[in-house]
Amino acid sequence: MTGRVIAQGTFDILHPGHLHYLRDAAALGDELHVIVARRENVTHKAKPVLPDRQRRDMVDALEMVAEAHLGHREDIFVPIERIEPDVIVLGHDQHHDEDGIRAALAERGIDCDVTRASPCEPRYDGELLSTGRIVDRILDRRG
Ligand SMILES: Cc1cc2nc3c(=O)[nH]c(=O)nc-3n(C[C@H](O)[C@H](O)[C@H](O)COP(=O)(O)O)c2cc1C
Ligand SMILES: Nc1ncnc2c1ncn2[C@@H]1O[C@H](COP(=O)(O)OP(=O)(O)OP(=O)(O)O)[C@@H](O)[C@H]1O
């Protein structure tokens, strides 16, 4: 499989669900680029705890990632135009609408597929595959 792949998300406090998503995405091509959402653009859930650059640097260090990029502040299609992906992989639970993204890409003349990664379930007692749930457990046990 050849080609450039884009994955994206907040990636605040990394966990094995993130690894699963990024492995799934990486398997669809040979160069995985990850766009890390700017804090100001995370509006559908609690704002990230960690700074933008720290989240970018941690994702960038993962073995399956060719390069992690901080997202654009105003226009999410600017990094996509620069990276020129063959496929964009959405997370299994991301609220983004695949057809809406396809339409916006077509309008911009960007030729790439849009697909979705598979979910990942806990494999043992206590494994937490969600940043929000990790934060909840910290508050519960240390708060
Ligand atoms: C195709 C695509 C491109 C994105 N590009 C950017 C971007 O350039 N800048 C940014 O701040 N967020 C970007 N986002 C992230 C969203 O703004 C949103 O915050 C993100 O989906 C959060 O995902 P999560 O809830 O899974 O962590 C992008 C999302 C998608 C689907
Ligand atoms: N358990 C999981 N299985 C598969 N993919 C996951 C899992 N957890 C997160 N991801 C994916 O990783 C990407 C980034 O997720 P995000 O940073 O929002 O983490 P999260 O842990 O789901 O956050 P929160 O718990 O705050 O909603 C998203 O595409 C999401 O679908």
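Tutor: In what follows, helices are DSSP runs of H or I with at least four residues, strands are runs of E with at least two, and both are numbered from the N terminus. The model under discussion is a predicted one.

Student: What percentage of the chain is helix over residues 6-134?

Tutor: The UniProt record, an unreviewed entry, annotates residues 6-134 as "domain: Cytidyltransferase-like". Across this stretch the end C-alpha atoms lie 26 Å apart.

Student: With which residues is Ala25 in contact, leaving aside its neighbours within four places in sequence?

Tutor: Ala25 is one of the buried residues of H1, together with Gly17, His18, Tyr21, Leu22, Asp24 and Ala26. The cover over the buried residues of H1 includes S1, S2 and S4. Beyond its sequence neighbours, Ala25 is in contact with Val5, Ala7, Leu32, Val89 and Ala117.

Student: Is His18 buried or exposed?

Tutor: His18 belongs to helix H1, and the unreviewed UniProt entry lists His18 in a "binding site" annotation that also covers Thr10, Phe11, His15, Pro16, Gly17 and Asp93. A residue needs 20 or more other C-beta atoms within 10 Å to count as buried. His18 has 24 C-beta neighbours inside 10 Å, so His18 is buried.

Student: Which element gives the largest share of the shell around ligand 2?

Tutor: The shell around ligand 2 has 20 residues, with Gly9, Gly17, Gly91, Leu129 and Gly132 nearest. By type, the shell consists of six nonpolar, eleven polar and three charged residues. The largest share, four residues, is that of H1.

Student: How many charged residues are in the shell around ligand 1?

Tutor: Ligand 1 is surrounded by 18 residues, of which Thr10, Ala37, Asn41, Gly71 and Ile76 are the closest. At least two residues of this shell come from strand S1 (4-9), and at least two from strand S4 (87-90). The shell around ligand 1 divides into eight nonpolar and nine polar residues, and the number of charged residues is one.

Student: How many residues of helix H5 are buried?

Tutor: Helix H5 covers residues 131-142 and reaches 16 Å from its first C-alpha to its last, close to the expected 16 Å. H5 is hardly covered: among its twelve residues, the count of buried ones is one.

Student: What is the phi of Ile13, and where does Ile13 lie?

Tutor: Ile13 is partly exposed, because 18 other C-beta atoms lie within 10 Å. Although Ile13 is not a glycine, its phi is positive, at about 65 degrees. The place of Ile13 is the loop between S1 and H1.

Student: What is the phi of Glu84?

Tutor: Glu84 is found in the loop between helix H3 (77-83) and S4. With 13 other C-beta atoms within 10 Å, Glu84 is partly exposed. Glu84 is a residue other than glycine with a positive phi, near 55 degrees.

Student: With which residues is Arg39 in contact, leaving aside its neighbours within four places in sequence?

Tutor: Arg39 lies in the loop between strand S2 (31-36) and helix H2 (52-60). Arg39 counts as partly exposed because it has 18 C-beta neighbours inside 10 Å. Beyond its sequence neighbours, Arg39 is in contact with Lys47, Pro48 and Asp52.

Student: How far apart in space are Ala61 and Ile88, C-alpha to C-alpha?

Tutor: Ala61 is placed in the loop between H2 and strand S3 (67-70). Ala61 counts as exposed, because it has 10 C-beta neighbours inside 10 Å. In sequence Ala61 and Ile88 are 27 residues apart, and in space their C-alpha separation is 20 Å.

Terms used: Residues numbered from 1 in each chain as written. Chains lettered and ligands numbered in written order. Predicted model: local features only at pLDDT ≥ 70, side-chain atom pairs only at ≥ 80, totals over all residues. Contact = placed C-beta atoms within 7 Å. Expected span 1.5 Å × (residues − 1). UniProt positions renumbered as here; feature names shortened; annotations may be inferred. Near = placed C-beta within 6 Å. Nonpolar A, V, L, I, M, F, W, Y, C, P; charged D, E, K, R; others polar.
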